[in-house]
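My entries follow in the order I looked things up.

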Amino acid sequence: MRVTRRDVCLGAVAGLLSGQPGWSSGQDILLRPAPVEVQWPGSDRALTGLLGFNGSVPGPEIRVKQGDDLRVRLENGLQDGALVHWHGIRVPNRMDGVSILTQDVIPPGGQFHYRFSPPDAGTFWYHAHYLSFEQVGRGLFGPLIVEETDPPDLDHDITVMIADFRLTPDGTFDTEFSVMADFAGAGRLGNSIRAFTSRDTVRAGARVRLRLINAAVDRVFPLEVLGVAGAIVALDGMPLDQPMPLGPIEIAPGQRADVIADVRSDVSFGLTDGGGRRTIGGIAATGAPKASRRHPVAALPRHDLPHPRLPARRVDLLMRGGVGDADHGGFGTWAFNGISGLPPQPIARFRRGDTGVIRLRNPTGFGHAIHLHGHHFREVLGDMSLGPLRDTLLVAPGEQREIACVFDNPGRWLLHCHMLSHSADGMATWVEVV
Ligand code: C2O
Ligand code: CU
């Protein structure tokens with residue numbers, strides 16, 4: 001089996017940053033978004049037109065221990081504004097990286113100090129949050145791993161960041177980001193799908209944790225992990241009460257899944273859409289398989305989040321727009337409740353600690369990955385039971401789903417579609433917690 005080697009650039013930077021002892025506590029981590037040239041598999045020249053943090057795509061892996069102080073100095077090396085959002089982390093509002101709601105856009109050459117201590121261990125990521133359909137689409141994203149204070153017993157902890165990129169027929173990076181058909185349809189879908197892994201090889205028989213992150217602008221990955229036996233232990237950074245058997249995993253933009261598994265043979269990541277299966281990357285297994293571990297994969301330590309109390313006040317979020325649905329009241333291609341883009345007032349105001357239910361109705365012809373900032377929520381299932389904690393929920397065309405959330409983080413929080421082409425053209429609103 002052909003195993004795609006990790007991006008050269010990423011290797012260099014990750015080695016430089018994430019391996020250094022003590023680099024994450026007390027001292028500032030520098031993140032500098034800037035134009036970058038990137039080596040691409042199957043191409044003999046470096047691609048231009050991409051953007052990277054600290055010279056690489058993805059950006060360096062940031063790793064901290066749960067509860068540690070994370071201090072990042074963002075230095076804007078772009079020709080454009082910059083903001084960074086810490087996706088899934090329950091940060092204080094002013095650290096959330098959202099223009100209009102939490103901070104001013106950082107001008108070219110400017111800087112900003114982000115500082116917070118991540119309350120939950122798990123798999124998170126950081127990404128550009130200004131013109132994000134374009135800046136994320138050009139490569140401004142990276143993993144943010146918060147380690148358990150008492151980590152599970154593993155041989156390798158591996159990050160797998162998946163994204164798609166659009167190349168032109170002559171193999172250059174496609175820098176045309178204002179394609180109307182993308183905004184109004186399924187988004188900017190790339191034709192070069194990459195799985196960036198933090199290791200190339202593992203020992204056969206090893207127990208590994210695979211932290212799967214979808215950093216694509218708009219694409220949902222129907223993912224399959226072959227060559228391992230194990231379980232899904234967390235979704236969107238939040239441990240599951242019971243590990244789920246490892247089968248195909250659908251990962252929408254912004255979502256994550258953590259797998260703990262024993263390596264049986266070469267590990268490969270495949271997509272299962274369109275009937276067939278295509279491999280997008282992998283990790284080679286080395287050595288003779290040793291006897292695999294006898295003990296089954298256990299649940300990760302649970303996080304201390306309040307449980308939603310139902311019934312609760314219900315708020316409606318009606319999604320409209322896209323191809324064939326122009327008459328929705330908003331000025332953009334998409335609208336929430338008849339408004340495109342951030343309204344002057346939030347769709348709801350909650351008192352700190354209150355549970356709220358948001359009914360997500362999607363009569364449009366496209367799926368939408370709805371992401372709430374600053375909180376995790378649970379889906380309200382048919383029998384009034386609650387699903388696992390998530391920060392992003394994929395709502396398929398024609399579906400209506402409900403999420404319940406304890407709004408306990410004060411501030412102004414963005415609620416948007418994480419198909420970033422959709423949010424760029426209208427699918428964004430906000431809630432306020434007072
Ligand atoms: Cu990951 Cu508002 O985004
Ligand atoms: Cu959408």
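**Copper site**

I began with two histidines: His368 and His422 are both buried. The model is a predicted one, and I read everything below with that in mind. I then looked up what coordinates the copper ion (ligand 2), and found His368 through ND1, Cys417 through SG and His422 through ND1, at 2.0 to 2.1 Å. I noted the sequence spacing of these donor residues as H-x48-C-x4-H. His368 belongs to strand E23 (residues 368-372) and His422 to helix H4 (residues 420-424), so this pair ties together parts that are 54 residues apart in sequence.

**Cysteines**

I searched the whole structure for disulfides and got 0.

**Cores**

I listed the largest nonpolar core, which has 76 residues; Trp86, Tyr114, Phe141, Phe165 and Leu360 touch the most other members. I followed up Leu360, leaving aside neighbours within four places in sequence. Its contacts include Leu317, Met319, Ile370, Leu393 and Val395, and Glu399, Gln400, Arg401 and Ile403 are also in contact with Leu360. Another core, of 29 residues, lies apart from the largest one; Leu223, Val228, Val259 and Ile283 are among its members.

**Strands**

I traced one open sheet of 3 strands, ordered E1-E5-E7, with mixed pairing. Strands E1 (29-31) and E7 (111-116) are its edges, each pairing on one side only. Neighbouring strands of this sheet are turned by 25° against each other on average, direction ignored. E1 pairs with strand E5 (residues 70-75) in the parallel sense, over 3 bridges, and I found Ile29 opposite Val72 in E5.

I went on to strand E9 (residues 141-147). Is E9 enclosed or open? I counted it as largely enclosed by the rest of the structure, because 6 of its 7 residues are buried. Strand E4 (residues 62-65) runs parallel to E9, joined by 4 bridges, with Arg63 opposite Ile145. Strand E8 (residues 122-128) pairs with E9 in the antiparallel sense over 6 bridges, and here His127 stands opposite Phe141. I had already met Phe141 among the residues with the most contacts to other members of the largest core.

**Backbone geometry**

I looked at two cis peptide bonds. The bond from Val57 to Pro58 is cis, with omega near -10°, and Pro58 sits in the loop between strand E3 (47-53) and E4. Leu310 and Pro311 are also joined by a cis peptide bond, with omega about 0°; Pro311 is in the loop between strand E18 (278-286) and strand E19 (313-321).

Ile100 has a phi of about 70°, lies in the loop between strand E6 (84-87) and E7, and is exposed at 66% relative accessible area. Leu131 has a phi of about 45° and is placed in the loop between E8 and helix H2 (132-135). At 35% relative accessibility, I recorded Leu131 as partly exposed.

Notes: Residues numbered from 1 in each chain as written. Chains lettered and ligands numbered in written order. Predicted model: local features only at pLDDT ≥ 70, side-chain atom pairs only at ≥ 80, totals over all residues. Heavy atoms only, no water. Pairing = 2+ DSSP bridges. Helix = DSSP H or I, 4+ residues; strand = E, 2+ residues; numbered from the N terminus. Axes fitted to C-alpha atoms, helices over the stretch in contact; angles between N-to-C directions. Buried < 20%, exposed > 50% of the residue type's maximum accessible area, 1.4 Å probe, protein only. Donors = N, O, S within 2.8 Å, 3.2 Å for Na, K, Ca; no water. Core = buried A, V, L, I, M, F, W, Y, C linked by side-chain atoms within 4.5 Å. Contact = heavy atoms within 4.5 Å. Disulfide = S-S within 2.5 Å.
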